[in-house]
Amino acid sequence: MTGRTAIAHGNYLQRGGAEQVSNELARLFDAPLYYGFGDPEYLPDDVDSRQLFGGRLVSQLSRSVFSRDLYYAFAAQRIPELAEYDTVVLSKNELSWYVPEDEQTVIHYVHSTPRTPYDLFQQRGDSLPTRLYSFVARTLFLPNTKYPDRFVANSELVARRLERYWRISADRIDVVYPPVPVDEYSPSDPKEYYLTYSRLIPEKRIDAIVDAFAELDAELVVGGSGEERDRLERRAPENVRFVGYMDESEKKRRLGEARALLFNAMNEDFGMIPVEALASGTPVLGVDEGYTKYQIKAGKNGYTHDPDPKSIRSAVERFEREGVAWSAAEIQEYAERYSAEAFRQGMQDAVARAEDDATIDVSYGSGDET
């Protein structure tokens with residue numbers, strides 16, 4: 001082995017929170033970033049990115065979630081490129097099938113256990129194919145997730161999932177929040193509208209937010225793109241405006257000038273958009289489930305609500321009447337716990353603990369008995 005560290009990520013098919021984590025890990029440890037399937041459009045320019053499964057025929061698998069998962073289960077068990085490193089940090093689950101050499105240190109940063117087979121099974125497991133898929137996934141995944149020396153969860157909620165679903169003992173789990181560059185966000189005026197921003201997919205439940213504003217005398221700006229946009233625009237009242245994908249500059253501007261951010265994602269693992277809003281000094285009106293409810297201190301930096309339009313509307317009306325107790329500066333100070341610097345320190349500590357755990361102590365067999 002060479003004594004170096006490698007970062008191993010699964011799919012690089014979008015630019016999301018998991019990709020931000022892997023990018024930052026590669027920068028932090030000055031390490032190459034290996035990934036399975038991916039689109040060069042989403043890869044960072046300042047990181048040494050290396051694709052594992054880039055053959056022309058194999059790359060066709062990236063079009064299907066099912067075929068990708070099957071391929072990872074087979075191909076990710078043996079990855080000679082990773083065997084050359086003393087320490088490997090896995091980010092996401094696709095490459096967690098990797099079987100390390102006996103003295104190799106492995107840390108797994110877990111954004112969540114697989115959603116459909118586990119924490120969302122009661123919501124999604126209503127069809128025979130889904131139940132069969134979930135059963136097979138649970139049967140195969142559980143015995144193949146135990147190789148890392150340490151697990152790092154992106155929130156206390158995900159740490160709970162690791163204990164419950166994968167039977168990982170608490171003493172092998174660290175919690176390190178994803179890195180948010182909180183110092184790059186700031187409040188601004190005019191505070192004229194409410195904002196929601198995410199991929200426009202069913203799991204984000206933007207339709208309930210849009211419907212809530214049908215009976216509100218306030219403006220809602222919807223940022224983001226996705227499969228739901230056309231349907232959402234057709235049902236939206238006149239006080240709801242869609243602005244599509246926002247680049248970093250526009251996102252930061254709108255988060256700073258919004259009256260509040262609305263967030264209604266289903267059982268969110270962590271949720272970087274609410275943190276970015278808080279870093280902007282902007283209150284969050286978020287759904288009372290998943291990790292979102294733990295980011296919100298009711299009456300201080302926002303309010304929670306149920307996922308239906310009536311409850312969302314009530315939260316907006318309460319915010320209009322009462323506001324929040326914390327100033328923008330106090331809300332920003334609260335967001336510091338999610339900073340990029342906190343992430344870097346937490347990951348350095350977690351990797352050091354894992355490397356220490358993996359050290360073989362042979363002193364008991366040294367023959368120095370007296």
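Is Arg 161 buried or exposed, and at what relative accessibility? In this predicted model, Arg 161 counts as buried because its relative accessibility is 3%, and buried means under 20%.

The C-alpha trace spans about 80 × 50 × 40 Å along its principal axes. The secondary structure comprises 15 helices and 13 strands. Of the 370 residues, 52% count as buried.

Side chains of opposite charge can pair when their charged atoms come close. A search of the whole structure finds 31 salt bridges. Three of these pairs are followed here, with the surroundings of each partner.

The pair that includes Arg 161 comes at the outset. Arg 161 forms a salt bridge with Asp 119, and the closest N and O atoms are 3.5 Å apart. This pair links distant parts of the chain: Arg 161 is in helix H7 (residues 156-165), while Asp 119 is in the loop between S5 and helix H5 (121-124), and 42 residues separate them. Asp 119 has a relative accessibility of 13% and so counts as buried. Arg 161, at 3%, counts as buried as well.

Next is the pair of Arg 344 and Glu 24, whose side chains meet in a salt bridge at 2.8 Å, N to O. Here too distant parts of the chain are linked, with Arg 344 in helix H15 (residues 340-358) and Glu 24 in helix H1 (residues 17-28), 320 residues apart. The partners fall into separate accessibility classes. Glu 24 counts as buried because its relative accessibility is 12%, whereas Arg 344 is partly exposed, with a relative accessible area of 27%.

Glu 257 is buried, with a relative accessible area of 9%, and Arg 253 is partly exposed, with 39%. Salt bridges can also share partners: in this way Glu 24, Arg 27, Asp 46, Glu 341 and Arg 344 are joined into one network.

Other charged residues gather in surface patches, and which residues form the positive one? Lys 146, Arg 160, Arg 164 and Arg 167 make up this patch of positive charge on the surface. Arg 164 lies in helix H7, the helix that also holds Arg 161. With a relative accessibility of 45%, Arg 164 counts as partly exposed, whereas Arg 161 counts as buried.

A negative surface patch is formed by Glu 84, Glu 101, Asp 102 and Glu 103. Asp 102 is found in the loop between strand S4 (87-91) and strand S5 (105-110). Asp 102 counts as exposed because its relative accessibility is 74%, and exposed means over 50%.

Key:
Residues numbered from 1 in each chain as written. Predicted model: local features only at pLDDT ≥ 70, side-chain atom pairs only at ≥ 80, totals over all residues. Heavy atoms only, no water. Patch = residues over 30% accessible without salt bridge, like charges linked within 9 Å, V, L, I, M, F, W, Y side chains within 5 Å. Areas by Shrake-Rupley, 256 points an atom, 1.4 Å probe, with all protein chains shown as cover. Salt bridge = Lys/Arg side-chain N within 4 Å of Asp/Glu carboxyl O. Lys, Arg positive; Asp, Glu negative; His and termini not counted. Charge placed at Lys NZ, Arg CZ, Asp CG, Glu CD. Helix = DSSP H or I, 4+ residues; strand = E, 2+ residues; numbered from the N terminus. Buried < 20%, exposed > 50% of the residue type's maximum accessible area, 1.4 Å probe, protein only.
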